[in-house]
Amino acid sequence: MFKFRRPVGLFLCGGGALGAWQSGVLAELVKQGLHFDAVAGFSVGSLNGAAYCYNKTGELRQIWRDMRPDNVLRFRPRYYEMPLELYQQDGGSLSTKLNFFFQNRLAKMTLFSNQPVYNFLNGWLAKSGSQFPRNIKFYVISHAVEMKLPYIVRFDGSTQSHNLSFIDALTASCSIPMVFPPVPVEEHGRKYHLIDGGVIGIATINLSLFEGCRTVIMIGNSRPSDLDYPARGPLGYFERKARRMLAIHTQKIYESRVFIKSEPDVYLIQPPADLGLNLLEFDGRKCGPAYDIGEAEAQAFLRNLEQAER
């Protein structure tokens, strides 16, 4: 296998059900013998990162194949009074401002309970104990609404942190606005609402966490063409907006590599084509094939590096 310069960092982007593809990439890289010294992720990327820390990437294929919508989405609408503001990308016309105002109000409404997420994580990870089988630094990234900044919890070889439980941190990272409820946290006497910052637009997530690494592998779930993703179906508007923001974040995170003083080699792996899967389409009939595409893409990635080395 191609020899990467060590230490090696791994950054895993979010993307809801598209994370099935990312799981396939990650599981195959691990199967081929690649090991990481530091891992960071947000949204579904944090779940895949947790799978790596617990040496459970070999279980990901079956998890995605068995996935059913009711395993994840349990309808329970609620409203949260919090200062959540989406990022306004359009012009300043009156209609645009009104639309932006109503979007911000709707973003505080969540449609589904996060209890299925808690149930899954407690059943899958919590029973494995507090110590990771791997000695690794793991950064779980969410977004603190009140601070308007990423909220990063670092776990050093175990699930212990100074302010947030491991399961709460993972659930917060997956709390997509308008989909899942925020996770509350108290720090220095203040209360914050933690959400998934991958689709709201206000984010300064970057690769500086990997200072000291000589290689960083970044696995995204979006493609550049998602900047103009067409709106289709009843959730088309949400899908289009979320895809666009994920594509923007992925590009900006990748561009931040220039600020790492250790000057690592940074590789970005993205889906080679449309996966035929929506962000909230947690259906094993589609997630399973997406996983297989990710697996094949990882093989192609390693093969291309080996050919380039000759």
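So, helix 2 and helix 7. Helix 2 covers residues 44-53 and helix 7 covers residues 166-173, and their axes come within 7 Å and cross at roughly 145 degrees. The axes here are lines fitted to C-alpha atoms over the stretch in contact, with angles running from 0 to 180 degrees between N-to-C directions. Helices are DSSP runs of H or I with at least four residues, strands are E runs of at least two, and both are numbered from the N terminus.

Quick note on where this comes from: it's a predicted model, where local features need pLDDT of at least 70 and side-chain atom pairs count only at pLDDT 80 or more, while totals for chains, interfaces and linings use all residues. Residues are numbered from 1 along each chain as its sequence is written, and side-chain values use heavy atoms, leaving out hydrogens and water.

Which residues of helix 2 and helix 7 make the contact? From helix 2 we have Ser46, Leu47 and Ala50, and from helix 7 Phe166, Leu170 and Ser173. Contact just means heavy atoms within 4.5 Å.

Okay, on to salt bridges. The structure holds 11 of them. To count, a side-chain nitrogen of Lys or Arg has to be within 4 Å of a carboxyl oxygen of Asp or Glu.

Take Arg61 and Asp292, whose side chains meet at 3.1 Å, N to O. Why care where they sit? Arg61 is in helix 3 (residues 60-65) and Asp292 is in helix 9 (residues 284-309), so this pair ties together parts that are 231 residues apart in sequence. Arg61 is partly exposed at 27% relative accessible area, and Asp292 is partly exposed too, at 29%. For those words: buried is under 20% relative accessible area, exposed is over 50%, and partly exposed is in between, using a 1.4 Å probe and protein chains only.

Next, Asp226 and Arg243, with a salt bridge at 3.7 Å, N to O. Asp226 lies in the loop between strand 9 (215-219) and helix 8 (236-255), and Arg243 lies in helix 8, so the pair links parts 17 residues apart in sequence. Buried or exposed, what is Asp226? Buried, at 2%, and Arg243 counts as buried at 5%.

Then there's Arg285 with Asp283, at 2.7 Å, N to O. Arg285 counts as exposed at 68%, whereas Asp283 counts as buried at 12%.

Last one: salt bridges that share partners join Arg61, Arg65, Asp292 and Glu295 into one network.
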